[in-house]
Structures are given as structure tokens and as C-alpha cells.
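Trainee: Pick one part of this model and take me through it closely, please. I'd like the cut-offs too, as you go.

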Amino acid sequence: MTTTLVTNIGRLVTNDPALGSGPLGLVEGAAFVVEGERVVWIGAATHAPAADHRVDAGGRAVIPGFVDSHSHLLFAGDRTAEFNARMSGQPYAAGGIRTTVAATRAASDAELEANLTRYLSEALRQGTTTFETKSGYGLTTLDEARALRIAAAYTDEVTYLGAHIVSPDYADDPAGYVALVTGEMLDACAPHARWVDVFCEKGAFDGDQARAILTAGKAKGLHPRVHANQLSYGPGVQLAVELDAASADHCTHLTDADVDALASGNTVATLLPGAEFSTRAEWPDARRLLDAGVTVALSTDCNPGSSFTSSVPFCIALAVRDMGMTPDEALWSATAGGAAALRRTDIGRLTSGAYADFAVLDAPSHVHLAYRPGVPLVTEVWRRGVRAV
């Protein structure tokens with residue numbers, strides 16, 4: 001395998017406190033060496049070993065690639081009319097998902113794959129090197145399984161979300177739909193997925209239904225994640241911690257008991273500020289979670305209804321401006337935090353042995369991601385040791 005030396009870095013974010021200052025492991029005057037797909041050496045540029053190739057960062061900041069641990073990219077159509085109505089004063093509710101379900105069912109496999117790759121390319125250009133994505137817009141055995149099969153060709157982080165809402169086909173028989181999601185549909189979907197998810201919310205699935213769905217998924221070897229406490233207070237967060245879910249996602253409406261549960265368990269609180277931005281909803285209180293010792297991730301929740309953005313830098317700026325996070329905390333949450341939400345240690349950091357996934361910013365510091373919101377600062381993206389952008 002050939003080696004590549006990346007040098008003349010303005011400021012390097014490693015997310016390893018043993019390598020540099022603070023939780024971000026910031027290193028000035030740094031360099032690192034990539035061999036094959038992984039980082040094999042990090043240190044002062046003045047002590048860098050010889051390598052087959054040399055990349056000059058031009059004094060720019062280098063950060064780990066973003067880990068987008070919550071997205072919904074297997075869909076067709078859009079919901080422009082719904083967004084326009086919402087921005088004109090109508091409240092957001094989960095029922096809008098049915099519009100996307102109809103469009104997705106009508107789409108061909110090729111159309112779904114083309115949409116997926118379009119948004120993946122869009123995200124990659126903005127520094128995202130790892131992403132999770134879900135089914136949930138088919139809500140039939142055939143449509144859920146094909147969505148996961150398509151997604152699995154592009155990422156290992158695939159989530160079965162047959163329990164997004166009760167299928168319109170079962171509007172009068174929610175118990176029958178839960179039986180389908182935990183039976184025939186699960187059997188067809190489990191081979192293509194790593195995770196099982198449920199929207200535990202009024203208008204979707206209650207605590208008992210969510211428990212049955214997640215427990216059935218675990219029995220098939222899928223690990224839980226939960227859409228929890230987005231629109232109202234509810235049992236989602238407590239259930240996520242109880243079942244050792246990798247993440248409880250949204251976490252907008254939390255009691256003190258919810259915060260305590262997250263702080264005492266292994267479940268990451270994944271915050272999705274794009275959803276609050278797009279729905280004019282109450283912002284999650286990241287400061288409250290961080291001060292309690294909860295591990296926090298930031299993600300886009302990219303979906304056609306409530307958060308149609310693939311930009312992690314945009315979400316970082318929102319988190320700093322409106323959710324009480326510092327620029328350092330927001331970057332950590334969008335990289336190492338996202339990795340924690342996927343229970344991964346080989347991504348979201350630049351340390352020896354980790355994948356060589358990183359972005360070069362047209363700025364001397366990562367702080368510019370929040371300081372200069374909306375500016376396309378990502379100039380290069382490397383994934384698995386290969387320049388992709």
C-alpha cells in the first residue's frame with residue numbers, strides 16, 4: 001500500500017485529547033500519514049516520516065469527516081407544498097409522511113437509487129464521509145425491503161424503519177400493522193439492515209408498540225435506535241435507554257428523568273436542528289444535556305418533509321446559534337458524537353488506526369463553520385484515504 005503525507009495544516013482536529021489540546025485534540029503545525037484506507041501516524045510536521053505522496057493543506061484547517069448518523073434518503077417526490085403551508089402558519093404534524101409514502105411506492109428502483117446517490121453526493125461535497133439512512137417511506141414488505149437493499153449498496157449503516165407511521169393500508173388496524181412490522185416485514189428487511197428504529201410519538205407508535213417493535217428487531221440481530229420525544233413528552237427516551245439503543249434521536253421535549261436516564265446509560269442523544277429550523281419548533285436544549293454529562297451527536301435528519309438539508313455545517317451553525325453549544329462541542333458532536341451514535345470508533349476522529357476520512361476547510365480553524373454560516377468552506381474531502389472531492 002502507498003503512503004500519503006498530509007502536511008502544512010493550519011489546525012488539525014483529531015478528537016483525541018491524547019494527541020492535542022482539549023476534547024478536540026487540537027494540534028498546531030501538525031501532519032499525518034495515511035497508508036491505504038487508514039491513518040498510521042500523527043505528529044508535528046517537523047518530525048513527519050517520509051511518504052510516497054505529499055499533500056499540502058496550504059495552512060488550512062483539517063477536520064474528521066462528518067458522521068451523519070440520522071437521515072431518510074430513500075424516498076421519491078418532495079413536500080414543497082407542505083413546507084410552504086407550514087411557513088404560512090400551519091403547524092407541523094407527522095401525517096405529512098403519507099404524501100412521501102405514496103410517491104415512494106410509485107417510484108422505480110432506479111428512481112430511488114438516483115435520488116439516494118444525488119443526496120449522498122451533495123452531502124459528500126459538504127464533508128460527510130459516513131452516513132446512516134433508513135427505510136420508512138414504503139410501509140409494505142416489498143417497498144421496505146427494496147429500500148434497504150438499495151441503501152445497503154452504499155452504506156453499512158442501514159436502518160429498518162417500517163415503524164415510521166402506521167401504514168395508510170392499516171389505518172383502522174394499527175395492531176395488525178405492528179404484527180406485520182414485527183413479522184413478515186421484519187423477516188424480509190433484517191438481512192439488509194444493521195439497525196431497527198421506531199417513531200415513538202403521538203400520531204405514530206406508543207410506548208408499548210415501540211417496545212414490541214424494537215424487541216422483535218433485537219431478536220433478529222438488529223440494534224435499536226429510537227425517534228424519541230420530538231413533538232411532545234413521551235416514553236421514547238426512557239425506552240431507548242432501557243433497551244440500550246445506540247441513540248435517542250430528536251430529544252426536544254425532555255423531563256429531568258429523561259436527562260438523568262441518558263446521562264446514566266450508553267444511549268447517545270442525537271439532536272437534529274434542521275428539523276426545528278424547518279418546522280419552527282422549539283429548539284432542543286443541548287446545553288442542558290451536555291452539562292448533565294450526556295453524549296450528544298448532531299445530524300441532519302435529511303428528509304423531504306421536516307428537514308430537507310444534507311448540510312452538517314449548517315446544522316453546526318444552528319446548534320451553536322440556537323441550542324447553546326460551543327463551536328468545539330458542535331464539531332465534536334457532528335464527528336465523534338455521530339460515530340458514538342453508530343457505536344463506531346474507526347470514524348469521526350483522526351487517530352492512528354482510524355479510517356482516513358477527513359475534510360480540508362478553506363479557513364484556518366474549525367470555528368469558521370459556525371462563524372461563517374452558509375459559506376461553502378469545505379474544499380477537499382477524503383474518504384478511506386482517497387480524495388473524493
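**The largest pocket, then a sheet**

Mentor: With 5 residues, α3 gives the most to the lining of the largest pocket. That helix spans 109–125, and the strand β9 (128–131) is another element supplying at least two lining residues (helices are DSSP runs of H or I with at least four residues, strands runs of E with at least two, numbered from the N terminus). This is a predicted model, with local features needing pLDDT of at least 70 and side-chain atom pairs 80 or more, while totals for chains, interfaces and linings use all residues. Numbering starts from 1 along each chain as its sequence is written, and side-chain values use heavy atoms, without hydrogens or water.

The pocket's volume is about 370 Å³ (the space filled by 1.4 Å probe spheres set on points of a 1 Å grid, an open set with protein on both sides within 12 Å along at least five of seven lines). Of its 17 lining residues, Leu120, Thr129, Phe131, Tyr154 and Arg383 come closest to the centre (lining means an atom within 4 Å of a point). By type, the lining splits into 6 nonpolar, 6 polar and 5 charged residues, with Tyr counted as nonpolar and Gly as polar.

Now the sheet. It is open, with 4 strands in the order β5-β4-β1-β6 and mixed pairing (a pair takes at least two DSSP bridges). β5 (38–44) and β6 (53–56) sit at the edges with a single partner each, so one side of each has no neighbour in the sheet. Neighbouring strands are turned by 20° on average, direction ignored, using axes fitted to C-alpha atoms. β1 (residues 3–7) runs parallel to β6, joined by 4 bridges, and Thr7 has Asp56 of β6 as its bridge partner.

Note on methods. Axes are lines fitted to C-alpha atoms, for helices over the stretch in contact, and angles run from 0 to 180 degrees between N-to-C directions.
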